[in-house]
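The exercises that follow are meant to be worked with the sequence and the coordinates side by side. Try each task before reading its solution.

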Amino acid sequence: MTTAPTTAMSKAEYLALAEQKYDDLQALATQPTFYGYEKSFEAIWMDLGRQVLERNVGVVPADRRKKKMTTRFGQIHIANNQAFSHHPNGFGISPYLQEKLVFLGQFEVYQQAAALVEMLLGLSVGASQIDRLTHFYGGAIADDIDLAAADAAADAAADAAADAAAVGVVYAQADGAMLLTDEGYKEVKLGRIFAATALQTSAVEERGGHIASSVFVGHRGNAAAFGVKLATQLAPYNGRGRDLVFISDGALWLRQLMEKTCPQATLILDLYHAMEHIGQAGKAGLGTGQAAADWFDIQRKLLLDSKLDEVLTNLQQLKIAPALRHSVGAYLQSNRDRMDYKSYRERGLLIGSGAIESAHRTVMQRRLKRAGQRWSNNGAQRVLTMRVCAMSNRWHLVRQRIEPCNPLRQE
């Protein structure tokens, strides 16, 4: 196919278009408020920008040998023989605007995303268009996002040390949550990987902190498929030995996954989950009064001092149902080798899984668990993929798919 190069407009053409707007600019003096002044100014500038963009891309034929394209400046016409008229994904929306719409689509429900586009960009774009774009690129980057990310831990420490080995501890966490689909509630699994150097304390007292940079893994499906995705992202850190630290609840599949994938890693049972089981026994035996609170605090201190046997002895002394005593005791015994909290604290390690708990809210629930939402399995995975991409600071994967190098443009 023969394509014509873009022919930039002449200076005289540009000045002629600008002159047409001069009277409109002068009329702004009659505006009684600066709100109205700026709003009208924006409309004038947008229309001038649209005309300049349309003509600067190339001469627009007077006949039907042209296409319509929606851009950041509104709808323009572009000649069929212009390289820019042939978008590899077939959308009649400019790549630059596509990126903005897709970003809003992964961040907000489509109707509200469309309202934001109109409010912030002054463009009328349908919710269905944002829906199609988001789902399309969610599928397009599926294979890309499953490839190992760059060494995010090393990136996070780049300013602190040139040697990537100086990064130290890298944390990994994973958990599941339920999502309403057309087939009922289905589990979505989420993983998070971050360097200890990415932990940032808040400048405001008692506000806790945040994690500056993470790599996320999301999957709507079975544990085996999720395990493959998580293992791929963990691969760059396998050489860290015990400095790769995996914190999770007592789910057996998570433990088996890490033992197989990263056998040298430090595995830690989330302290909150351990205390949650102990608390069930304490509440059953002592109620909810001060005595129960004191007993609970004693067990927590014992756990933090790695005195699990004393905790088990105290459980035996509670007057509770044998089945409950057995289940709590079995849970603690089965996780014994992941509960050396004294040693973990001496190493300065985290012992809680709050990072993955918060990730469920910010990565998944923020977009996929709104009131009244129900997803197809395919739709849920594609939007989750987009959320993981955005939250992992890997947005370049979307941009590359929106407009890869155009061979027609290079000829």
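**Exercise 1. Describe how helix 13 and helix 14 pack against each other, and name the residues that meet.**

Solution. Begin with the geometry, keeping in mind that this is a predicted model. Helix 13, which covers residues 308-316, packs with helix 14, which covers residues 322-334, at an angle of about 175°, and their axes lie 10 Å apart. Angles over 145 degrees count as roughly antiparallel, and the two helices are therefore roughly antiparallel to each other.

Next, list the residues on each side. Helix 13 contributes Leu-308, Val-311, Leu-312, Leu-315 and Gln-316, and these meet Arg-325, Val-328, Gly-329, Leu-332 and Gln-333 of helix 14.

**Exercise 2. Is Leu-308 buried or exposed, and which residues does it touch beyond four places in sequence?**

Solution. Leu-308 belongs to helix 13. Its relative accessible area is 7%, and because buried means under 20%, Leu-308 is classed as buried. Once residues up to four places away in sequence are set aside, Leu-308 touches Leu-303, Leu-332, Arg-336 and Met-339.

**Exercise 3. Characterise the aromatic pairs Phe-103 with Phe-107 and Tyr-171 with Phe-194, and compare where their members sit.**

Solution. The count of aromatic pairs in the model comes to 10. In the pair of Phe-103 and Phe-107, the ring centres are 6.5 Å apart and the planes are at 5°, so the pair is stacked. These two residues are four apart in helix 4, which means that about one helical turn separates them. Phe-103 is partly exposed, at a relative accessible area of 38%, and Phe-107 is likewise partly exposed, at 33%.

Tyr-171 and Phe-194 also form a stacked pair, with 5.4 Å from centre to centre and 25° between the planes. This pair links distant parts of the chain, since Tyr-171 lies in strand 3 (residues 170-181) and Phe-194 in strand 4 (residues 184-195), 23 residues apart. Tyr-171 counts as buried at 2% relative accessibility, and Phe-194 counts as buried at 2% as well.

To complete the survey of rings, look for a cluster: ring pairs link Phe-91, Phe-136 and Tyr-137 into one.

**Exercise 4. Which residues does Glu-108 touch, and over which rings do Arg-366 and Arg-367 lie?**

Solution. Locate Glu-108 in the loop between helix 4 (95-107) and helix 5 (110-121). With 10% relative accessibility, Glu-108 counts as buried. Not counting residues up to four places away in sequence, Glu-108 touches Ala-113, Leu-116, Arg-366, Arg-367 and Arg-370.

Two of these arginines can now be followed to aromatic rings. Arg-366 lies over the face of Phe-107, at 4.3 Å from the ring centre, while the charged end of Arg-367 sits over the ring of Tyr-110, 4.8 Å from its centre.

**Exercise 5. Place His-360 in the fold and list its contacts beyond four places in sequence.**

Solution. His-360 lies in helix 16, which covers residues 354-368. Its relative accessibility is 4%, so His-360 counts as buried. With its neighbours within four places in sequence left aside, His-360 is in contact with Asp-175, Gly-176, Ala-177, Val-188, Leu-190 and Gln-365. Of these partners, Asp-175, Gly-176 and Ala-177 fall within the span of strand 3, residues 170-181, whereas Val-188 and Leu-190 fall within that of strand 4, residues 184-195.

**Exercise 6. Where do Ser-306 and Asn-393 lie, and what is the phi of each?**

Solution. Take Ser-306 to begin with: although this residue is not a glycine, it has a positive phi of about 60°. Ser-306 is found in the loop between helix 12 (290-304) and helix 13, and a relative accessible area of 29% makes Ser-306 partly exposed.

Then turn to Asn-393, which is not a glycine either and has a positive phi of about 55°. Asn-393 is found in the loop between helix 17 (377-391) and helix 18 (396-402). With a relative accessible area of 56%, Asn-393 is exposed.

Note on methods: Residues are numbered from 1 along each chain as its sequence is written. This is a predicted model: local features need pLDDT of at least 70, side-chain atom pairs count only at pLDDT 80 or more; totals for chains, interfaces and linings use all residues. Side-chain values use heavy atoms; hydrogens and water are left out. Axes are lines fitted to C-alpha atoms, for helices over the stretch in contact, and angles run from 0 to 180 degrees between N-to-C directions. Angles under 35 degrees count as roughly parallel, over 145 as roughly antiparallel, 65 to 115 as roughly perpendicular and the rest as oblique. Contact means heavy atoms within 4.5 Å. Buried means under 20% relative accessible area, exposed over 50%, partly exposed in between (1.4 Å probe, protein chains only). Rings of Phe, Tyr and Trp (its six-membered ring) pair if their centres lie within 6.5 Å; planes under 30 degrees apart count as stacked, over 60 as edge-to-face and the rest as tilted. A charge sits over a ring if NZ of Lys or CZ of Arg is within 6 Å of the ring centre and within 35 degrees of the ring normal.
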